[in-house]
Amino acid sequence: MTEAHTPRARTGKSWTPDPAEGAEARVPCWWSRDQWIQAVAQDLTTELGAQALRTHRTCAARVQAVATEDAKTADTTTGRNVRTSHATVAKTLHCSVDTVRRARRVLRDLGWAVEITRGRYMTQAERILASLHKDTYQNRFASNRSLTIPARAHAVHPYPEGVKNSSHKPSRVVPSARSRGAGTRKSQPKTSRAARSCVPVGIQKLTARLVNRLPWLDRGDQHLLGLARSLARCGVSEEWTTQDLLNAMEADHRDRGLLTLAPNSQSNPRALFIHQLTRAISGLEPPAKARARARAAHAAARAAEAGQKAAAAAGKKPMPAWFRHAVELARDTASTDGAAMVASQPATHRQQLSPSIQ
């Protein structure tokens with residue numbers, strides 16, 4: 001089902017001032033209303049989402065309901081201009097104002113909503129403009145929010161948001177060898193179908209996990225095995241994880257200062273993703289190797305510590321057998337001599353001896 005197109009700003013029934021110039025420039029637009037709602041629902045099931053729910057003492061169902069209501073009032077193409085108050089949303093959902101406030105705080109902390117202008121009481125000049133706009137009295141306005149996609153939830157694209165597809169497709173006609181010059185074309189060895197299909201199972205599993213994180217990579221006209229071959233050609237090995245690949249791409253684009261673009265605005269988003277990934281991991285070592293070395297170093301340190309403790313315990317040698325027999329013999333001899341001395345003393349002196357000798 002195709003969602004309704006609402007290109008104009010949703011300002012609601014009340015008057016609200018326009019945001020400052022450039023306030024929304026650094027806020028990425030969402031992909032679409034349905035994809036945004038699905039992404040929020042999936043993020044609420046993660047550990048980070050559960051922590052945000054515990055912090056603000058709410059549940060995922062209430063946050064999802066508020067997010068859906070905010071998405072209905074947002075601009076379809078950009079996800080901006082959400083200007084409904086807490087009371088309006090609470091009246092629609094039949095809940096309390098505090099419930100809506102806590103849910104919107106969860107969306108803010110997770111990065112799915114950005115507050116552009118905070119709601120407040122209006123000045124006298126603003127009240128005059130509001131009365132001219134709607135012929136009613138208004139003394140305050142709601143906050144202006146933009147629904148966006150956090151950087152951790154998608155792969156970054158290297159062009160500013162808002163670029164549209166060109167209606168003129170590039171030519172796919174390959175120039176002939178004669179037009180390029182005789183003798184300049186080098187013959188390429190042909191690859192058999194069996195060799196092209198031989199993709200490691202680990203790369204295929206990594207491709208499936210990557211498509212699960214980025215559903216727009218699954219194109220209906222292209223098989224996922226082609227994506228697996230592309231990943232293998234760009235240098236991805238079985239030691240990489242999905243999160244490691246996305247972290248490398250995010251770090252590469254952050255260092256270059258690149259913005260984001262919706263995947264559905266590209267004619268071939270999969271090819272763009274492979275291009276970005278090849279550039280991001282070029283010359284990098286899979287983080288799994290560094291983690292393996294760290295675990296090995298930790299295990300070696302633990303083994304060395306255990307060896308030192310064993311050596312220290314071995315340094316405390318037990319008492320020799322001959323010395324232990326000598327001590328026991330001396331103790332028996334002392335006991336026998338003491339008993340004989342007590343027997344030879346008079347009774348009056350015998351009572352004054354210590355109880356241990358008696």
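## Arginine R80 and its surroundings

The side chain of R80 has a polar atom 3.0 Å from the backbone oxygen of V27. This is a predicted model, in which local features need pLDDT of at least 70, side-chain atom pairs count only at pLDDT 80 or more, and totals for chains, interfaces and linings use all residues. Residues are numbered from 1 along each chain as its sequence is written, and side-chain values use heavy atoms, with hydrogens and water left out.

R80 belongs to the loop between helix 3 and helix 4; helices are DSSP runs of H or I with at least four residues, numbered from the N terminus. With a relative accessible area of 16%, R80 is buried (under 20% relative accessible area, with a 1.4 Å probe and protein chains only). Leaving aside residues up to four places away in sequence, R80 touches E24, V27, C29, A74, D75, R145 and S146, where contact means heavy atoms within 4.5 Å.

## Arginine R83 in the loop

R83 is found in the loop between helix 3 (60-72) and helix 4 (86-93). R83 is buried, and its relative accessible area is 8%.

The side chains of R83 and N81 are joined by a polar contact of 3.0 Å. A polar contact is a pair of N or O atoms within 3.5 Å; within protein, one must be able to donate a hydrogen and the other to accept it, and residues adjacent in sequence count only if both atoms are side-chain atoms.

## Packing of helices 10 and 12

Helix 10 (residues 224-233) packs against helix 12 (residues 269-281) at an angle of about 20°, and their axes are 10 Å apart. Axes are lines fitted to C-alpha atoms, for helices over the stretch in contact, and angles run from 0 to 180 degrees between N-to-C directions.

From helix 10, L224, L227, S230 and L231 meet R270, I274 and L277 of helix 12. The residues of this contact comprise five nonpolar, one polar and one charged. Here Ala, Val, Leu, Ile, Met, Phe, Trp, Tyr, Cys and Pro count as nonpolar, Asp, Glu, Lys and Arg as charged, and the others, Gly among them, as polar.

## Packing of helices 9 and 11

Helix 9 (residues 201-213) and helix 11 (residues 242-256) pack at about 60°, with their axes 9 Å apart. This angle makes helix 9 oblique to helix 11.

L206, R209, L210 and R213 of helix 9 make the contact with T242, Q243, L245 and L246 of helix 11. By class, the contact of helix 9 with helix 11 has four nonpolar, two polar and two charged residues.

Definitions and conventions:
Helices (H or I, at least four residues) and strands (E, at least two) are DSSP runs, numbered from the N terminus. Buried means under 20% relative accessible area, exposed over 50%, partly exposed in between (1.4 Å probe, protein chains only). Angles under 35 degrees count as roughly parallel, over 145 as roughly antiparallel, 65 to 115 as roughly perpendicular and the rest as oblique.
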